[in-house]
Amino acid sequence: MGPKTAQVYATIRQWLAEGRLAPGERLPSERTLVSELAIGRTALRQVLTRLVTEGAIEVHGRSSYRVPAGPTVDVPAGLERWQLHGKRELYDNRWVKLELWDVEPPGVERFEHHVVTLQRVSIAAVLDDQDRVLMLWRYRFVADQFGWELPGGIVDTGEDGLTTALREAEEETGWRPAGLEHVVTFQPMIGMVDSPHEIYVGRGAEKVGEPTDLEEAGHVQWVPLSDIPGLMAKGDLMGSGTLVALLHILANRAKYTAKGAN
């Protein structure tokens, strides 16, 4: 992209981020955009093609574009929450808290349910220009297993998830990400465990040294994204955060990889 197309790309991205173009809304016509953005039609189509490839907009008819409408499924109505009557602490330290919660589901007799509270976690998936992902080959003694993981760790007090993802990637691998964006926050065992996992994805990193977190460090390697389905089938990918992040990337290859746009 030249300077003008890059500027127009950034402008339309800003419109989307600010809600100037709402979900399901059509973009102005190419003629209107050419006039408003002072760009040639051929260059504009390059920008629009990139935005379509990234999933930011979609083609709607001939030479017409719109913002994706988003999920169409309706949220079910009329469901009741469980009632919480109290909590009883069994164990607590800086890593894990175990409690018994006195709960009452709708139409069911109340009972005590074990609830485990763990720390908030942030995970970084970093890609390079060869469509490889930065990973660690590590041993986990709980499962008595070696496997591939993405760098990540606990969000420290006063720290935001992005800062943690950037810090952990550098400490555990010696590579400093060029930038990361938040893509999803999920709970790996929502039925009993409270431990929010935040996933961040980005492209590009600079080698700044060797890993400094020796307890968490493993063998550092750039793993081809094309290898991920096979590693998954073999059971060599460990941790729900690693799986969620890589599945997200595979589902959005056009946005995150150079080859996905081909």
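Which residues form a nonpolar patch on the surface? The patch is made of Y139, F141, V142 and F146, which together have about 510 Å² of accessible area.

1. Basis of the note. The model is a predicted one, in which local features need pLDDT of at least 70 and side-chain atom pairs count only at pLDDT 80 or more, while totals for chains, interfaces and linings use all residues. Residues are numbered from 1 along each chain as its sequence is written, and side-chain values use heavy atoms, with hydrogens and water left out.

2. Overall description. The protein contains 7 helices and 15 strands; these are DSSP runs numbered from the N terminus, with helices (H or I) of at least four residues and strands (E) of at least two. The C-alpha trace spans about 65 × 55 × 40 Å along its principal axes. Of the 262 residues, 34% are buried. Buried stands for under 20% relative accessible area, exposed for over 50%, and partly exposed for what lies in between (1.4 Å probe, protein chains only).

3. F146 is partly exposed, because its relative accessible area is 47%. Patches are made of residues with over 30% relative accessible area and no salt bridge, like charges being joined within 9 Å and nonpolar side chains (Val, Leu, Ile, Met, Phe, Trp, Tyr) within 5 Å. The accessible areas come from the Shrake-Rupley method with a 1.4 Å probe, and for residues only the protein chains shown count as cover.

4. Helix packing around α1. Two packed helices are described by the angle between their axes and the distance between the axes. Here the axes are lines fitted to C-alpha atoms, for helices over the stretch in contact, and the angles run from 0 to 180 degrees between N-to-C directions. Helix α1 (residues 3-18) and helix α2 (residues 30-37) have axes that come within 12 Å and cross at roughly 110°. They are therefore roughly perpendicular to each other. With helix α3 (residues 41-53), α1 packs at an angle of about 50°, the axes being 9 Å apart; α1 and α3 are therefore oblique to each other. The classes are roughly parallel for angles under 35 degrees, roughly antiparallel over 145, roughly perpendicular from 65 to 115, and oblique for the rest. The crossing of α1 and α2 is right-handed, and the crossing of α1 and α3 is right-handed. A crossing is right-handed if the near helix is turned clockwise from the far one by less than a right angle, and left-handed if anticlockwise.

5. Salt bridges. How many salt bridges are there? The count is 18, where a salt bridge is a side-chain nitrogen of Lys or Arg within 4 Å of a carboxyl oxygen of Asp or Glu. In one of them, R110 pairs with D102, and the closest N and O atoms are 2.4 Å apart. R110 is partly exposed at 42% relative accessibility, whereas D102 is buried at 18%. R167 and E168 also meet through their side chains, at 3.1 Å from N to O, and E168 is buried at 6% relative accessibility. A further bridge joins E170 and R176, with 2.9 Å between the closest N and O atoms. E170 is partly exposed at 25%, and R176 is partly exposed at 40%. Through salt bridges that share partners, D156, E159, R167, E168 and E171 are joined into one network.

6. Positive phi values. Most residues other than glycine have a negative phi. D131, in the loop between β6 (121-127) and β7 (132-140), has a positive phi near 60°. D144, in the loop between β7 and β8, has a positive phi of about 50°. Are these residues buried or exposed? D131 is buried, because its relative accessibility is 4%; D144 is exposed, because its relative accessible area is 58%.

7. G241 lies in helix α6 (residues 240-251) and is buried at 4% relative accessibility. Its C-alpha atom is 31 Å from that of A77, 164 residues apart along the chain. Y256 is placed in helix α7 (residues 253-256) and is buried at 5%. Y256 and Q83 are separated by 173 residues in sequence and by 43 Å in space, C-alpha to C-alpha.
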